Amino acid sequence: MRLLDLGCGRTKAPGAVGIDIAPMKGVDVVADLRRGIPVKDGVADEVRCISFLEHLPDLVFFMEEVHRVLRPGGILRARVPYFTSNYAFADPTHLRFFSYSTFDYFTPESHFQYSQARFRILEKRFKFAHGRLQILGKIIEPLTNRFPRLYERLFAHIVPSDELRVVLEAVE
């Protein structure tokens, strides 16, 4: 199994090949991922992007690159800031924020054809992990993930989720 940890920083997953723009402990390949992923087509079984996608100027291009390097059936695991999170706006290097529907645009069922990259959504869930709402998050997290569209429409601005976690499978 080949695991690529993209934008890994100092927190590379065990056994992964870490790729980041800055040379630091844990980074195996130094590359500007905004220009593409410097590996051959179909070499990865899994790609990990933890707190990274929000830093990219062109999400569509990058999702196409992830799709290119994953073998068919390969998995993308990502954690991104949810658009109502205070943490999403705190970091001045964040270029985008994500809603529950953002990754739907990369499914075969999407009516929008922004990209040729296609993924099957295996999991999408909200995570309430930080700050003073952590205890409240443990109570409401199961409800928000059972009724995600209702949460997003009515309650996301009242009790903001910190992040969205997604697991996607590359399809041909």
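Reply: Let us start with Phe-98. This is a predicted model, and in it Phe-98 has a relative accessible area of 0%, so Phe-98 counts as buried. Its partner is Phe-103, and the two rings form an aromatic pair. Phe-103 is buried as well, at 1%.

How are two such rings described? A pair of aromatic rings is described by the distance of the centres and the angle of the planes. For Phe-98 and Phe-103, the centres are 5.6 Å apart.

Now take Phe-52 and Phe-62. Their ring centres are 5.5 Å apart, and their planes meet at 70 degrees. An angle over 60 degrees counts as edge-to-face, so that is the label for Phe-52 and Phe-62. Both of these residues are buried. Where do they sit along the chain? Phe-52 is in the loop between β4 (44-50) and α1 (59-69), while Phe-62 is in helix α1. The two are 10 residues apart, and their pair links distant parts of the chain.

Stay in that loop for a moment. Ser-51 is also found between β4 and α1. Its phi is near 55 degrees, a positive value in a residue other than glycine. Most residues other than glycine have a negative phi. Ser-51 has 41% relative accessibility, so Ser-51 counts as partly exposed. Step back to Ile-50, which is in strand β4. Ile-50 is partly exposed too, at 23%. The C-alpha atom of Ile-50 is 7.5 Å from that of Gly-7, although these residues are 43 apart along the chain.

Cys-49 is buried, with 0% relative accessibility. Cys-8 is also buried, at 4%. The cut-off is 2.5 Å. Cys-49 is therefore in no disulfide. A search of the whole structure finds zero disulfides.

Back to the rings. How many aromatic pairs does the whole structure hold? The search finds 10. Tyr-82, Phe-83, Tyr-100, Phe-126, Phe-128 and Tyr-151 form one aromatic cluster. One of its members, Tyr-100, has a charged neighbour: Lys-124 lies over the face of the Tyr-100 ring, at 4.0 Å from the ring centre.

Finally, look at the surface. Leu-143, Phe-147, Leu-150, Leu-154, Phe-155 and Ile-158 form a nonpolar patch there. Together they have about 600 Å² of accessible area. Which element gives the largest share of the patch? Helix α4 (residues 148-155) does, with three residues. Phe-147 is in the loop between α3 (134-146) and α4. At 40% relative accessibility, Phe-147 counts as partly exposed. Compare the buried Phe-98, at 0%.

Note on methods
Residues are numbered from 1 along each chain as its sequence is written. This is a predicted model: local features need pLDDT of at least 70, side-chain atom pairs count only at pLDDT 80 or more; totals for chains, interfaces and linings use all residues. Side-chain values use heavy atoms; hydrogens and water are left out. Buried means under 20% relative accessible area, exposed over 50%, partly exposed in between (1.4 Å probe, protein chains only). Rings of Phe, Tyr and Trp (its six-membered ring) pair if their centres lie within 6.5 Å; planes under 30 degrees apart count as stacked, over 60 as edge-to-face and the rest as tilted. Helices (H or I, at least four residues) and strands (E, at least two) are DSSP runs, numbered from the N terminus. A charge sits over a ring if NZ of Lys or CZ of Arg is within 6 Å of the ring centre and within 35 degrees of the ring normal. Patches are made of residues with over 30% relative accessible area and no salt bridge: like charges are joined within 9 Å, nonpolar side chains (Val, Leu, Ile, Met, Phe, Trp, Tyr) within 5 Å. Accessible areas come from the Shrake-Rupley method with a 1.4 Å probe; for residues, only the protein chains shown count as cover. A salt bridge is a side-chain nitrogen of Lys or Arg within 4 Å of a carboxyl oxygen of Asp or Glu.
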